[in-house]
Amino acid sequence: MANVEQPVAHPSGASTISVLMPRAEGLVIPFAALLAGSLAFSLFLLLVGKSPVTFFGLVWMAGFSTAFSWQNTLSQVAPLLFAALCVALPARLGLVVIGGEGAIVLGGLAAGVAGTQATGWPPAAGLGFMALCAMALGVGWIASIGALRIKRGVNETIASLLMAYIAIALFNHLVEGPFRDPASLNKPSTLPLTEGLRIGEMPLISAHWGVLVGILACIACWVLIERTTLGFAARIAGDNLRAAQVQGLPVGRLVVGFTALGGAFAGLAGFFEVAAVHGSANGSLIAGYGYTGILVAFLARHNPLAIIPVAILLGGFAASSGLIQRRMDLPDATILVFQGMIFVAILLSETVYGRFKIFTPAYWEVR
Amino acid sequence: MSRRFKTPQGAFSVEALGMTMRFGDFTALDDVSIKIEAGSFHALLGENGAGKSTIVKAIMGFYRATAGTVLVADREVEMTDPKVAQSLGLGMVYQHFTLVPSLTAAENLVISRADAPAIINWKTERAALEAFLARMPFSVPLDQPVNRLAAGEKQKLEILKQLYLGHRFLILDEPTSVLTPAEADEVLGHVRALTRAGELTVLMITHKFREVMAFADDLTVLRRGKRVGGGKVADLTPADMAAMMMGEAPTPSNRQRATVSGKVVLQLDGVRAMDRSGLKPIAIDGVALRAGEILGVAGVSGNGQMELMEILTGQRHLSSGKIILNGAPYTATRAQAKQHKVRYLPEEPMRNACAPRMSVAENLAFRSFDENGGEKPAFWKDSTAMARNADSLISAFNVKTSSPSARISSLSGGNVQRAVLARELTGNVEVLIVSNPCFGLDFSAVATIRDRLVEARNRGVAILLISEDLDEIMELSDRIIVMSEGHIAFETPIATANVAEIGHYMAGHA
């Protein structure tokens, strides 16, 4: 009998549009915010007497127009993917962790130092060891923020931000002191990695393997959140903590687990920066990827799959900063102003979700 | 058409004429007229979705009616926005509180004033407030942060706020849904005294016939957006009102109560914890819940029932003592709840039992999503099973939703409660912990939920029913315990239960 009544109770095969439109909301609104942020930035450019058309033209040219510019862009993408996951995973549990930068920097240091210990090892073992050390430090750093939240009620946003400062100070101290390569005179660095412990480029595309690992990590995280019971439990806890507690879900373990995973990815970002880009841990690691990653994660609405295209887009922006500085005679912080304006637009757009009737299934239903 | 005029001193009348309100092609209100005489206490009855909220929102200017006029003190007014209504002296008290929880009562009152100065001279404000409270028939502690006040006191403060703002026409939207009968009688008694004195006109949305009979002068009944009846309360009986509301005489629930005397399932002895404020101790002793019985926990709001629920759901740290379930200590983990087949119906299901941004189908899966028949929780989520489960629960419990993939926050209160009930009562249940299950629900939803509870009891489920609605406790329980000031003050089987005696212990005269 229940089976007979079913179609009446709710047209489960309801028009595709009533299923699609609610999903479109998560796509349309971030796009609109991106556009609004770009418009606001254009006004800013006009105000300082520069042409927005030239600006966006240069971004396109430097970020996406040629194989060379794609190489430039992709070199920025790997750390952004990992840094964004370090924001997005805790965010699914309702935690705003903004200190990924600290875990990236310490992960890089761990990889650099581990590399000096692994000289002469088979490359696979050496790289594995470096990656593990980097992830372990990242896990320790970010999971402790989750644990502080659960055990002591410490605000994770403030804690993660402050811990990032501590991490950077610690990094500078160690690189300039105990772990410094005496030969690095102007730029304090750890000992350079041997050739066998460097990560090369992937065949066909001129980008290092970190990009591929980052993309796979995003896909894996999406599967974790959308397809496993663990991800489902995390979503319940992120949406309503009380409801999750009443269901007896292990909220504490979920929080620590998800922050640990995010920390592992941030550590991995540091590992790839050291092993594939810089060749040793030094001040170049402190490049703000952790902060741009926050923007990536928010633009992607903490959806790991959406992080991939967004990271490529913002990677392109970052890659164009040098060209903009040279051609438009603007400081290289200009791109940061642009990112900042997009971020403000994204944060503002959070308040309009659910306000538009066309995104509700009811709107499309035939009464 | 006058835009602004000053309403007369004292109470004034408000009238809505031919109000029609359409949302798209849905007619929420169809040519409804209602007149509230100056100084009268008018009740507005109707089931959820009957159009009660719509008409008051139109009167208050939150909605612009599709057609119809509002007369204030017999003058036509264009209610373009709530500010117009407020400037005329119309105010509203909502079912849910609109106070700032972290501020004190005094601060809440002063900042609610439109003309609150940029720099507040607390000395003079304090003096003015005390003078104001001296004129009022009831009072609240001024210096406590509002989040420390019990629900009854918050509601009094809401009403005081309206009077403080000089509003002389009040719309009360289910003002007593969080109050005990005694508190409700007290608050409504004061409100009625103000109407009798010619200082106030009141329109009250309610579900409780008892309050209508005791306090209201007139009433209007809405059903499906139409006015279906009304008149002088003195000329009507509760049966008449129910008939108008439901469209037919309601069948009194003939609940069969099988006598099941089972073994003790749940025991609380020597359980100690702190209350929400962290100041007062909670001490639970001698609670034993048997299979096949409903144990009612009565008490005035704020006497530790909330904390008892949190203890039982594992949300509150115990300083000593243990919850014993089937002879073993219980800490409300998911594995234990599953093993002992314990389910929960917390109060305010949207706040305590649902994930508002997740879909109806997902919310319905909270109990079953990690089950695959085995001992260990499943790793992969089975979306097909989830959809099947949602379809069957939605039809079995008659949950009205546009689609299983709609957000649960788009459902009405009654349907949210039905969805949670469907989730928690389905499957193998042995212990059910319930808190204020019928808070703010309409007549028919209440009947369904109570029927389901008794039905579960008759199946042998042990039910602990924490409720601030004494009528509900008296109707459903086999045994009653009373909570007062954080401990169990009294216990009685239903056969010898006496409302006066229970009230005595509820009031703390132990």
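1. The largest nonpolar core of this predicted model holds 194 residues, and those that touch the most other members are A:Leu81, A:Ala84, A:Leu85 and A:Ile307. Helix H11 of chain A, residues 251-278, gives the most to this core, with 16 residues. As general background, nonpolar side chains tend to be buried together in soluble globular proteins.

2. A:Leu85 illustrates the contacts made within chain A. Leaving aside neighbours within four places in sequence, A:Leu85 is in contact with A:Ala217, A:Cys218, A:Cys221, A:Gly262, A:Phe265, A:Pro304 and A:Ile307. Another core, of 71 residues, lies apart from the one described above; among its residues are B:Ile55, B:Met79, B:Leu194 and B:Leu219.

3. The packing of two helices in chain A deserves a separate point. Two packed helices are described by the angle between their axes and the distance between the axes. Helix H6 (residues 123-152) of chain A packs against H11(A) at an angle of about 145 degrees, and the two axes are 6 Å apart. The crossing of H6(A) and H11(A) is right-handed. Where these helices meet, the contact residues comprise 21 nonpolar, eight polar and one charged.

4. A:Val154 is placed in the loop between H6 and helix H7 (156-176) of chain A. A:Val154 has 14 other C-beta atoms within 10 Å and is therefore partly exposed. Apart from neighbours within four places in sequence, its contacts are A:Leu148, A:Arg149 and A:Ala159. Between A:Val154 and A:Leu314, which are 160 residues apart in sequence, the C-alpha to C-alpha distance is 31 Å.

5. A:Ala40 belongs to helix H2 of chain A, which covers residues 16-47. A:Ala40 counts as partly exposed because 15 C-beta neighbours lie inside 10 Å. Not counting residues up to four places away in sequence, A:Ala40 touches A:Met341 and A:Ala345. A:Ala40 and A:Met341 are 301 residues apart along the chain, yet their C-alpha atoms are separated by 7.0 Å.

6. Chain B contains 17 helices and 21 strands. The radius of gyration of chain B is 24 Å, close to the 24 Å given by the globule rule for 510 residues, so chain B is as compact as a globular protein of that length. The C-alpha trace of chain B spans about 75 × 55 × 45 Å along its principal axes.

7. Burial and contacts in chain B may be read together. Of its 510 residues, 48% count as buried. Among contacts in chain B between residues at least 6 apart in sequence, 71% join residues at least 24 apart.

8. Most residues other than glycine have a negative phi. Phi of B:Ala332, however, is positive, near 65 degrees. B:Ala332 sits in the loop between strand S16 (328-330) and helix H10 (334-340) of chain B. B:Ala332 counts as buried because it has 23 C-beta neighbours inside 10 Å, and the cut-off for a buried residue is 20 or more.

9. B:Glu348 also has a positive phi, near 45 degrees, and is a residue other than glycine. Its place is the loop between strand S17 (342-345) and helix H11 (349-352) of chain B. B:Glu348 is partly exposed, because 18 other C-beta atoms lie within 10 Å.

Definitions and conventions. Residues numbered from 1 in each chain as written. Chains lettered and ligands numbered in written order. Predicted model: local features only at pLDDT ≥ 70, side-chain atom pairs only at ≥ 80, totals over all residues. Helix = DSSP H or I, 4+ residues; strand = E, 2+ residues; numbered from the N terminus. Buried ≥ 20, exposed ≤ 12 C-beta atoms within 10 Å, placed from the backbone. Contact = placed C-beta atoms within 7 Å. Rg over C-alpha atoms; globule rule 2.2 N^0.38 Å. Core = buried A, V, L, I, M, F, W, Y, C linked by C-beta atoms within 7 Å. Axes fitted to C-alpha atoms, helices over the stretch in contact; angles between N-to-C directions. Left-handed = near helix turned anticlockwise from the far one by under 90°. Nonpolar A, V, L, I, M, F, W, Y, C, P; charged D, E, K, R; others polar.
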